[in-house]
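Have the sequence and the model open while reading.

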Amino acid sequence: MSPTPSKPDNPFAQMIQSARKIVAFTGAGISTAAGIPDFRGPNGLYATGAYDPDLVFEIGYFRKHPEMFYRFSFDFIALLKTIQPTFTHYFLARLEKEGRLRGIITQNIDALHHRAGSARIIEVHGSFWRAACIECSRFRKEKATLEWWDKAMTESPRAPVVVCPHCSGVVKPDVVFYNEPVKGMELAESWVRDCDLLLVLGSSLTVFPAAFLPQLCRSPILIVNKGEVSFAPDRNHIFIREDLDIFFKNIADYIDSQL
Ligand SMILES: [Zn+2]
């Protein structure tokens with residue numbers, strides 16, 4: 001009998017394998033890897049000059065002039081149709097199906113976690129995955145797919161502004177605009193307090209609520225980001241400066257080699 005070749009240890013894979021209540025917090029970095037450039041960056045949607053970055057997510061302006069937001073949405077949905085969830089999105093969905101991951105808290109509005117098959121997602125800034133009429137309570141769209149948005153914006157009598165079939169009021173996606181409260185924080189906080197491993201992925205941890213949530217965690221925190229991350233040094237915090245997909249492909253290879 002020949003000896004089994006020993007595989008190099010992967011301590012991070014072992015952390016994930018032994019955890020049962022992982023919570024993942026994801027920021028813009030996981031979406032830029034999918035091909036969504038930072039809105040404000042040189043290749044971002046704002047660079048076209050077609051919409052004013054200060055007004056596009058301003059709720060008062062939206063109520064009076066929804067056209068600008070919908071011009072942005074039309075371009076954003078067209079962009080989303082060209083991209084797919086990343087390996088990391090799919091890996092998190094796999095961890096949930098295996099009963100290791102309790103849920104995902106994300107700042108992203110692109111619904112890529114939904115598309116990857118994750119079920120328990122808190123979108124603190126909302127997303128395009130739901131929509132509702134801002135005038136009446138009769139119109140609500142759940143699971144608003146890219147195809148639904150495309151059709152709704154193209155075929156609307158006020159195209160690209162989507163209007164309510166009952167009252168002709170403006171339909172607003174469930175995206176958090178400036179000065180609107182973030183969503184699901186109470187639940188997000190309870191998840192983080194109760195998790196046995198917190199993954200912080202693609203976030204620089206500089207703005208609320210990213211900067212705040214990890215402070216509630218009493219378990220190990222694994223932070224993976226390509227760029228700099230701001231956090232107070234703590235023996236429970238491990239920061240890995242690496243590409244997310246490369247990091248999780250290594251983890252997946254290790255886990256699969258154990259099966
Ligand atoms: Zn309505």
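D150 forms a salt bridge with K81, and their closest N and O atoms are 2.5 Å apart. A salt bridge here is a side-chain nitrogen of Lys or Arg within 4 Å of a carboxyl oxygen of Asp or Glu. D150 lies in helix α7 and K81 in the loop between α4 (66–80) and α5 (87–97), so the pair ties together parts that are 69 residues apart in sequence. Helices (H or I, at least four residues) and strands (E, at least two) are DSSP runs, numbered from the N terminus.

D150 is partly exposed, at 26% relative accessible area. K81 is also partly exposed, at 42%. The cut-offs are under 20% relative accessible area for buried, over 50% for exposed, and partly exposed in between (1.4 Å probe, protein chains only).

The model is predicted: local features need pLDDT of at least 70, side-chain atom pairs count only at pLDDT 80 or more, and totals for chains, interfaces and linings use all residues. Residues are numbered from 1 along each chain as its sequence is written, and side-chain values use heavy atoms, with hydrogens and water left out.

**Salt bridges**

Side chains of opposite charge can pair when their charged atoms come close. By the rule above, the count comes to 16 salt bridges. Four of them are listed here, including the opening pair.

| Pair | Closest N and O atoms |
|---|---|
| D150 and K81 | 2.5 Å |
| K183 and D174 | 2.8 Å |
| E142 and R130 | 3.1 Å |
| R100 and E98 | 3.2 Å |

R100 is buried, with a relative accessible area of 16%.

Where does the bridge between E142 and R130 sit? E142 lies in the loop between β5 and α7, while R130 is in strand β4, so the pair ties together parts that are twelve residues apart in sequence. Both residues are partly exposed: E142 at 42% relative accessibility, R130 at 25%. Shared partners join R130, R140, E142, D174 and K183 into one network of salt bridges.

**Zinc site**

Which residues coordinate the zinc ion? The SG atoms of C133, C136, C164 and C167 do, at 2.3 to 2.4 Å. Donors are N, O and S atoms within 2.8 Å of the metal (3.2 Å for Na, K and Ca); water is not among the atoms, so sites may look incomplete.

The site of the zinc ion is tetrahedral, with angles of 99 to 115° among its four donor atoms. Four donors count as tetrahedral if all angles lie between 85 and 135 degrees. Along the chain, the donors follow the spacing C-x2-C-x27-C-x2-C.

C136 and C164 link distant parts of the chain, 28 residues apart. C136 is in the loop between β4 (126–133) and β5 (140–141), and C164 is in the loop between α7 (146–155) and β6 (171–175). C136 counts as buried at 16% relative accessibility. C164 is buried too, at 3%.

**Domains and their interface**

The domain assignment gives domain 1 (9–36 + 86–125 + 183–259) and domain 2 (37–82 + 128–175). Such bounds come from an automatic or database domain assignment. The C-alpha centres of domain 1 and domain 2 lie 28 Å apart. Eleven residues from domain 1 and twelve residues from domain 2 take part in the contact, where contact means heavy atoms within 4.5 Å.

Domain 1 and domain 2 bury about 1000 Å² between them, 66% of it on carbon and sulfur atoms. Buried area is the accessible area (1.4 Å probe) that two parts lose on being put together, summed over both. Which three residues supply more than any other three of the area that domain 1 buries against domain 2? They are I36, I109 and R115, with 52% of that area. The rule finds one salt bridge across the interface of domain 1 and domain 2.

**Two loop residues**

Q107 is in the loop between β2 (101–106) and α6 (112–116). Is Q107 buried or exposed? Q107 is buried, with a relative accessible area of 13%. Leaving aside neighbours within four places in sequence, Q107 is in contact with F25, T26, G27, V124, H125, S203, V207, F208, P209 and A210.

S156 is found in the loop between α7 and β6. S156 is buried, at 11% relative accessible area. Not counting residues up to four places away in sequence, S156 touches K151, V161, V162 and V163.

Technical notes. Four donors count as tetrahedral if all angles lie between 85 and 135 degrees; four count as square planar and six as octahedral if opposite donors are over 155 degrees apart and all others between 65 and 115; anything else is irregular.
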